[in-house]
Amino acid sequence: DLHVRVDGNPVSTTRNEYIGGVYDDIIPWTEFEVYFSAGQDVIIEVDYTLDGTGEYPYISFKYLLETGAGWKDAIGNVDLIVRLPYEANQHNVFLDSSPGWGHTSLGVVLEGQDLRWDYDDLEPEYQHNLSVVMVMPSVWGKVLTERQNVAINPQDGEAWGRLGKLYKEISLLRRGIRHDQGGIELFDLSAEAYQKALELLPKDALWHAGYADLLHSRYYWEELIAGGYSLSNYLKAIEEYALAYSLDP
């Protein structure tokens, strides 16, 4: 679905394939012609859909910038903007950590819904290629929906439980937990949501078990494996597991 406009006017494109890369891969390119008048600005707009890569609940997106080295001289000014459909923050974007694959490019600044990188006199190389690692937008959208649900009806224990489960999912890694500030805050938010759910639904075995799972994960990965000495999360998890079992063997 790639579309190109030059100074606001659609232009035709041609699809070609080239051999390149480390393993002589077949690389598809879309090409189009542009005429540059001396001393005149030419506005080029290219729109297309890009699938991210990753595994639930995280995803990464990449944008190749090093090809800009083919332009004559350095690029005077580069403003890279990744605009999310909601506020960008340390909960939904990995800023100084990784889910185990990929990193968000260094130097990012968060402004409202935007992630921004600014460069002056840039001669782009491999390290300038843009990479963003985040919570899948579809998953964060569910978080926003449940936040709205509990705001509208704070007595909805099921909504509080679903919110706690979502916070838990995006605070955990495949083998471990997030240790960045956003991940630490997500654990606290998850615990608070589970506690609220259980205040409203004290006899719901599943939410007790879900809360126990959160506490046990925190204990296992942060305290036992990492060499901590606190047993508080472990003991509380055992208490919640036992309660869940007594309610629904």
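**Strand pairing and surface patches**

In the pairing of strand β7 with β11, isoleucine 59 stands opposite methionine 134 in β11, and the two strands, of which β7 covers residues 58-63, run antiparallel over six bridges. The model is predicted, so that local features need pLDDT of at least 70 and side-chain atom pairs count only at pLDDT 80 or more, whereas totals for chains, interfaces and linings use all residues. Residues are numbered from 1 along each chain as its sequence is written, and side-chain values use heavy atoms, with hydrogens and water left out. Strands are DSSP runs of E with at least two residues, numbered from the N terminus, and two of them are said to pair if DSSP finds at least two bridges between them.

**Strands and sheets**

- Strand β11 (residues 130-135) is largely enclosed by the rest of the structure, because six of its six residues are buried, which means under 20% relative accessible area, with exposed set at over 50% and partly exposed in between (1.4 Å probe, protein chains only).
- An open sheet is formed by three strands in the order β2-β1-β5 with antiparallel pairing, and its edge strands, β2 (9-10) and β5 (44-47), each pair on one side only.
- Within this sheet, strand β1 (residues 3-6) pairs with β5 over four bridges in the antiparallel sense, and valine 4 stands opposite valine 46 in β5.
- Strand β3 (residues 14-20) pairs with strand β4 (residues 25-31) in the antiparallel sense over seven bridges, and glycine 20 has aspartate 25 in β4 as its bridge partner.
- The hairpin of β3 and β4 has four residues between the strands, and in this hairpin glycine 21 takes a positive phi near 85°.

**Surface patches**

- Patches are made of residues with over 30% relative accessible area and no salt bridge, like charges being joined within 9 Å and nonpolar side chains (Val, Leu, Ile, Met, Phe, Trp, Tyr) within 5 Å; a salt bridge is a side-chain nitrogen of Lys or Arg within 4 Å of a carboxyl oxygen of Asp or Glu.
- Asp79, Asp118, Asp120 and Asp121 form a negative surface patch, to which strand β10 (residues 114-122) gives the most, with three residues.
- Aspartate 79 is found in strand β8 (residues 75-83) and counts as partly exposed because its relative accessibility is 43%.
- A nonpolar surface patch is formed by Leu2, Phe36, Ile44, Val46, Tyr48, Leu50, Tyr63 and Trp71, which together have about 750 Å² of accessible area, computed by the Shrake-Rupley method with a 1.4 Å probe.
- Leucine 50 lies in the loop between β5 and β6 (53-55) and is partly exposed, with a relative accessible area of 42%.

Conventions:
Lys, Arg positive; Asp, Glu negative; His and termini not counted. Charge placed at Lys NZ, Arg CZ, Asp CG, Glu CD.
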